[in-house]
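Here is a friendly note to read with the model open beside you. Take the points in order and look up each element as you go.

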Amino acid sequence: MIQPPVGRRWLTLVLVSVFCITGVSLQPAQTSAQQGGQLIIYSGRREPLIVPVIDLFKKATGIQITLKSGEDQALANLVLQEQPNPIGDVYLTVDSGLLEFLRIKGVLQTYTSDAIKKIPERFRAADGSWVGASGRGRAMMYNTNLVKPEELPKSVFEIIDSKWKGKVSMDNLRKESTLAWITSMRLAKGAAFTQNFVLKLKENQVIFLDGGPEVRKAVGRGQVALGLLNHYHYNIELRDNKSPVGVHYPDQGPTDVGILVNAAGAAIVKGAKHVAEARKFLDFLVSAEAQKIFAELNYEWPLLPGVATAEGVRPLDSLKQTPVSLDKLGQELQNTLDFLDAIGF
Amino acid sequence: MSAPNVILQLDKVTKAYGDHSANALGPLSLQVISGEFTVIVGPSGCGKTTLLRLIAGLERPDAGTIILNGNPVASFSKWVAPEERPIGMVFQDYSLFPHLTVERNIYFGLKKKNLDSKQIQHIENLFDLLGLKTLRSRYPHELSGGEQQRVAVARALAHQPALILFDEPFSNLDAHLRPRMRRELKKLLRELKSTALFVTHDQTEAIELADRMAVLRAGQLEQLDTPELIYRCPATRFVAKFVGEADFIRGLLQPNLLETELGNFAIRTSTKLATQEVDVMVDPRSLELTPLSGNISSEKQAQIVLRQFRGAEILYALRLPSGQELRAITIASRSFSEGEFVQVKLSSLPAIYYQNKRFDLV
Amino acid sequence: MSSKAALFDSPKKIRPGFVPWLLLIFSALVALALAAPMLFIVYQGLTADPSIWQRLWRLGRLQTLFINTFILTLIVTTGTLFLGVALAWLTERTNVPGKRWWTPLLSLPLLIPGYLLAIAYESFWSRWGLLAEVLTSWGMNDIAAIVPSITGLLGASIVLILSLYPYVYLLARAALRGVNTALEDTARTCGLNPRKFFWFMTLPLIRPSLVAAALLVAVMTMADYAVVARMGFPTFTNAVYSQLTTRLDRSTASVLSLALIVATVLLIMFQLYLWGKGRHYYRTSRQPIAPEASSSRGLMLILIVVLSAFLLPVGIFLYWMVQGWLHPTQANAIWGTGLADLLRFAWHGLLSAGSAATLALALALPMAYLSVRYRDRKFSRGFAWLSQAGLALPGVLVALGLALVLHRTLPELYFSVAALVIAYLILFFPFAFQTLESGLTQIPQSLEEAARMLRQKTVSVWRHVTLPLLVPGLMTAWVFVFTNALRELPATLLLRPPGFDTLPVRIWIAAGEGYLTQAAPAALLLIALSLPLLFLLDPVRTESKRTK
């Protein structure tokens with residue numbers, strides 16, 4: 001270490017430091033309000049999937065939008081924390097369970113308009129605290145080289161059969177969508193059944209991967225034959241990798257439970273400073289234009305009846321859905337977590 | 001002749017250990033005379049480095065006063081920081097600044113433009129005197145141990161301090177270089193009329209360098225005298241053992257007689273004393289060894305247990321009949337072999353020590 | 001008394017009389033400010049509903065997670081120590097060919113975020129991964145079939161070791177430079193065989209730096225979430241995150257975080273214990289050492305490390321990027337980021353990370369000085385503890401805490417770049433502190449004392465002696481903080497002003513949804529950005545001119 005000083009590098013360091021600090025302090029502060037109103041949105045939905053909608057809204061209304069995107073749950077925590085003086089006006093999320101959770105904590109305000117009423121009741125809070133904007137369903141994706149359509153399981157509960165040992169993959173049980181699915185199972189089939197099912201998953205060597213995209217890729221390259229994930233992953237895999245995959249919606253029989261359809265949605269924060277603009281935004285989210293974008297961008301299901309799905313996506317009304325309303329589902333999520341803790345999963 | 005100029009005075013200076021369990025040093029009082037070389041010598045752990053650091057101002061005493069050039073620099077009410085004291089210091093590891101050349105090391109703390117020509121001349125003179133002219137642009141890690149030491153000395157002297165401190169300056173040099181370096185340094189400092197305070201654990205070094213020597217033990221001053229006096233008249237048993245090559249045997253002190261295994265001596269004491277046991281100092285070079293002749297009683301015989309050839313002298317380790325051991329150093333012309341019995345005679349009256357302190361005889 | 005005599009002649013570390021009030025006060029303020037979010041979390045945890053404690057206690061899962069974390073931390077810390085010291089030795093003390101080039105290359109993993117390395121490894125090593133794909137396309141199906149999967153504990157350990165060894169490597173190397181080689185030479189002439197010599201002689205001399213690096217590595221391992229989640233090896237942070245994310249339960253997350261804080265404090269105490277007893281023999285001069293001959297094994301080790309820690313992941317990203325160009329899909333338009341935007345986001349990162357690094361230096365230096373030179377004083381180390389206890393906390397938790405504090409007290413700073421810089425400061429201050437502490441211990445106090453004896457007042461001593469000698473340490477500290485801040489993700493996601501994205505944010509947007517091809521350009525740019533910094537870290541070239 002003891003060596004002559006590196007004078008030139010010393011100088012560089014000092015210059016760089018001065019530069020950085022000056023640069024930082026010169027950064028523009030929060031965008032000031034302009035004519036046409038202002039709205040601050042916290043979005044857990046990734047930017048590429050929401051920015052087109054926001055841009056359209058900006059053009060249509062002239063409202064200045066400040067979009068803060070980030071991790072869903074971290075932003076939800078932020079919403080909780082900011083009370084009673086919230087900065088964010090609208091909270092946008094991919095997981096309706098979070099919306100319900102925030103409602104229970106009492107940090108949302110209600111809003112129901114004619115536009116919102118057009119969304120089926122199942123996909124919004126009963127008291128109007130939040131509304132779903134696009135839907136995603138629990139489907140099965142399969143690798144066509146490894147499974148023939150005839151071999152596909154009629155019900156999702158068949159995956160604990162020994163013939164599917166080691167051939168199925170799904171998302172981690174504690175991830176939002178999967179958690180919601182387990183909850184719906186608990187509500188529809190009871191705790192004992194669910195416990196048995198969950199424990200058998202491990203026994204049957206179901207491969208738990210870190211997220212839907214991983215499952216989709218695993219199915220695409222033939223690592224597993226079958227994957228349980230959100231329906232749109234099939235379309236994405238086709239689009240990007242042109243993999244030999246197919247999609248299958250189980251439990252569609254008359255006595256079956258159907259597939260669970262979850263929703264991504266939005267809510268207005270209690271005490272928001274820009275309530276008028278927030279309401280306009282929520283209305284816009286459920287309008288036909290925005291719904292169309294959700295359908296095209298990520299192959300999700302538009303929840304506004306009458307809006308077409310993207311090509312290759314089976315329309316929602318052709319599918320049997322698990323008859324559970326999302327707000328009920330959201331209320332039960334905590335109990336499912338306790339349930340999982342209790343059975344040691 | 002004018003009274004000697006006391007440049008440094010320590011009055012009952014005390015420094016306690018970090019945990020305040022005991023005193024590391026002191027209370028200690030001593031004086032350093034201007035123009036003299038004072039050497040503080042003692043075994044490891046005796047506190048000599050602490051003493052030096054207290055004088056330098058690198059540590060603060062817990063009690064006592066330090067007065068430099070008539071001005072108190074450390075006392076109950078006053079404290080002068082080391083950078084304000086006109087003291088220079090040469091550290092044991094030289095502490096040369098590794099990122100500066102020799103020249104910049106020596107000129108450290110002195111802005112050339114602020115110096116007048118006399119001062120610059122003085123420093124350039126140091127370069128000459130210490131043989132550093134060719135090393136000006138070298139870096140410390142490119143120098144040998146001896147060269148580094150010279151740079152350290154020059155650096156301290158460049159500020160023309162009133163007092164210059166040396167912390168074991170030769171301990172990091174090769175053994176064969178030391179005598180020469182000692183002589184050269186002493187010559188240089190004399191030329192510059194410097195006052196120096198050395199700290200060392202090597203008594204040979206101390207004796208060579210010192211005008212006056214201070215022997216330290218466990219934080220206390222045992223003796224402060226010229227080297228000759230310390231060598232010939234050690235004030236305590238410890239000093240005797242440390243500085244010289246003395247041995248001690250038991251003796252019995254009676255009112256007019258000193259009885260030892262090496263013979264009895266008639267003495268006179270100043271006070272009336274009861275008979276008591278004392279320690280008798282034996283200088284190895286004051287022993288005469290003669291071969292046994294038949295009619296000497298066995299009491300005065302000693303057995304040679306070790307013989308060590310030392311060039312001009314021979315060292316013998318002797319065991320007396322009582323079991324006590326001591327050494328004798330004789331010139332090489334007479335030689336005995338190990339295991340032989342010889343007759344030992346003490347040629348002069350030895351020094352007597354009672355409870356570590358020298359016992360004064362009239 | 002005699003047993004204490006040995007202590008006697010050692011120069012005491014306490015400077016006489018000069019009570020470092022200024023340093024103390026400054027350190028106190030800094031420590032408190034940096035620790036505020038952590039203290040808040042502690043407060044939350046301690047005042048949480050007692051039923052939470054009961055529930056957690058009954059959770060069997062917690063014990064498994066705890067054991068997992070312990071094992072992983074142990075493996076990674078020992079692994080990085082071995083690897084880092086071996087590499088430092090090879091590049092500093094042997095004649096290994098290409099020495100000049102290995103030294104910067106071996107520091108490169110600093111530039112690759114752990115999560116990217118994990119992604120790269122996971123996609124490469126597996127029967128279905130990249131390697132197998134490539135092998136299959138070359139017709140080597142049999143070999144492709146046996147490509148191992150590196151996941152779980154093995155995967156997490158490998159990725160973390162490759163990701164974190166540079167901290168040990170750089171600090172060890174700096175320490176090896178400062179060691180008193182005369183001591184070593186003496187020992188060598190005494191006939192100690194090379195291996196024993198290294199173990200008993202060299203290692204203890206560089207111990208403080210190793211301990212500092214080990215602390216950083218251990219705590220970073222404990223705090224890591226991205227790598228272990230990717231590798232499917234749940235550790236304690238998993239529990240913290242799941243409380244935070246699935247239950248939105250900051251109280252429980254705080255309670256769990258208490259465990260992380262306690263673990264960090266214990267590690268810091270352990271570090272101080274290991275450090276405190278050592279007497280450090282440094283000499284300012286050194287005779288040039290004859291480098292030992294190197295073996296081909298040494299060279300091989302270096303090659304393997306450079307390959308696996310850097311060339312492989314970069315190669316994988318390049319592959320993805322090229323794939324994206326060759327086979328463009330609609331995804332590119334949606335999930336990719338244009339070059340102009342990428343450069344803008346890179347700029348954001350540079351600014352905020354650079355500011356954080358400089359501020360971290362300014363704040364850490366006085367504290368490190370206090371801690372090293374005034375070791376015996378009561379509070380000098382206490383502040384160090386305070387400012388570092390939060391090192392193991394998940395970034396998102398610290399960010400939430402900071403957001404709350406700012407929202408309530410300084411709302412103008414909420415969602416400002418300043419908030420982001422403060423978050424980086426809080427998160428990465430310990431890097432600056434540890435590095436500076438390590439660097440300062442290599443500057444013998446006797447040098448500063450010598451300067452004082454040459455009539456220099458304190459500030460002048462620092463300016464002319466301490467700081468010039470500390471420059472390499474300062475550089476390293478700056479680079480450590482900078483690279484960490486540049487790659488930081490969870491706090492950035494939460495606290496950045498809208499529009500002030502950084503490259504990691506863009507990577508996350510795409511990679512989180514599985515669009516690795518679209519994430520690759522941002523990843524490569526992130527790595528490329530930090531490359532020039534390596535020249536700040538490595539003064540090998542200047543050094544060789546001076547040593548004869």
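1. A definition to begin with: a crossing is left-handed if the near helix is turned anticlockwise from the far one by less than a right angle, and right-handed if clockwise. Helices (H or I, at least four residues) and strands (E, at least two) are DSSP runs, numbered from the N terminus.

2. Some ground rules. This is a predicted model, in which local features need pLDDT of at least 70, side-chain atom pairs count only at pLDDT 80 or more, and totals for chains, interfaces and linings use all residues. Residues are numbered from 1 along each chain as its sequence is written, while chains are lettered from A and ligands numbered from 1 in the order in which they are written.

3. Start where chains A and C meet. The axes of helix 3 (residues 72-82) of chain A and helix 20 (residues 395-409) of chain C cross at roughly 25° and come within 10 Å. This makes helix 3 of chain A roughly parallel to helix 20 of chain C, a label for angles under 35 degrees. Axes here are lines fitted to C-alpha atoms, for helices over the stretch in contact, with angles from 0 to 180 degrees between N-to-C directions. Helix 3 of chain A passes helix 20 of chain C in a right-handed crossing.

4. Which residues make this contact? From helix 3 of chain A they include Ala74(A), Leu78(A) and Glu82(A), and from helix 20 of chain C they include Val396(C), Leu400(C) and His407(C). Two residues are in contact if their C-beta atoms, placed from the backbone, lie within 7 Å.

5. Now turn to chain B. Here 6 strands form an open sheet with antiparallel pairing, in the order 13-12-11-14-20-21. Strand 13 (263-266) and strand 21 (357-359) of chain B are the edge strands, each pairing on one side only. Two strands pair if DSSP finds at least two bridges between them. Strand 20 (residues 352-354) of chain B is joined to strand 21 of chain B by 3 bridges, and Ile352(B) stands opposite Phe359(B) in strand 21 of chain B.

6. Finally, two whole chains. Chain A has 12 helices and 11 strands, whereas chain C has 28 helices and 0 strands. Of the 345 residues of chain A, 50% count as buried; for the 548 residues of chain C the figure is 59%. A residue is buried if 20 or more other C-beta atoms, placed from the backbone, lie within 10 Å of its own.

How values were computed. Angles under 35 degrees count as roughly parallel, over 145 as roughly antiparallel, 65 to 115 as roughly perpendicular and the rest as oblique. A residue is buried if 20 or more other C-beta atoms lie within 10 Å of its own, exposed if 12 or fewer, and partly exposed in between; C-beta atoms are placed from the backbone.
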